[in-house]
Amino acid sequence: GERYEVLGVGGTPAIYRMHEVTIAVAGKAYKVAVGFDEAENDREAHYGIVGQKGLFDRFVVSFDLLGNEIELKPYGHA
C-alpha cells in the first residue's frame with residue numbers, strides 16, 4: 001500500500017501503509033482504507049486508528065479503552 005507518515009499526539013512520527021479492505025459490521029460490508037503500522041513488532045509504542053473515513057464517519061463511535069471494546073451505532077439509532 002501507499003506509505004504515509006503521521007504524527008501522534010506526542011509529535012512522534014509513525015509510518016503506515018494504506019490498503020483498501022472490506023470490513024463487515026452487523027452483517028453489512030464496507031470497503032474502507034485502513035492504515036497498517038509498519039512497526040508491527042512494536043505494539044506498545046505504536047497504536048491508533050488511521051483511515052477513519054469510510055467507516056467511522058457512518059457511525060456514532062464509542063471507545064472503551066479499559067474494556068478493550070469499540071461500539072459502532074448507525075446514525076439515527078439511540
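Leaving aside neighbours within four places in sequence, which residues is Val25 in contact with? I started my notes there.

**Ground rules.** I'm working on a predicted model, where local features need pLDDT of at least 70, side-chain atom pairs count only at pLDDT 80 or more, and totals for chains, interfaces and linings use all residues. Residues are numbered from 1 along each chain as its sequence is written, and side-chain values use heavy atoms, with hydrogens and water left out.

**Val25.** I found Tyr30, Leu55, Phe59 and Leu72 in contact with Val25 (contact: heavy atoms within 4.5 Å). Val25 sits in strand 2, residues 13–25 (strands are DSSP runs of E, at least two residues, numbered from the N terminus). I noted Val25 as buried, because its relative accessibility is 15% (buried is under 20% relative accessible area, exposed over 50%, partly exposed in between, with a 1.4 Å probe and protein chains only).

**Strands 1 and 2.** I see these two pairing antiparallel over six bridges (pairing takes at least two DSSP bridges between the strands). Leu7 has Pro13 of strand 2 as its bridge partner. The two strands make a hairpin with five residues between them, and Gly11 in the turn has a positive phi of about 85 degrees. Strand 1 (residues 2–7) lies largely in the open, because zero of its six residues are buried.

**Gly76.** I placed Gly76 in the segment after strand 5 (69–74). Gly76 counts as exposed because its relative accessibility is 84%. Its C-alpha is 9.0 Å from that of Val60, 16 residues away along the chain.

Notes: Helix = DSSP H or I, 4+ residues; strand = E, 2+ residues; numbered from the N terminus.
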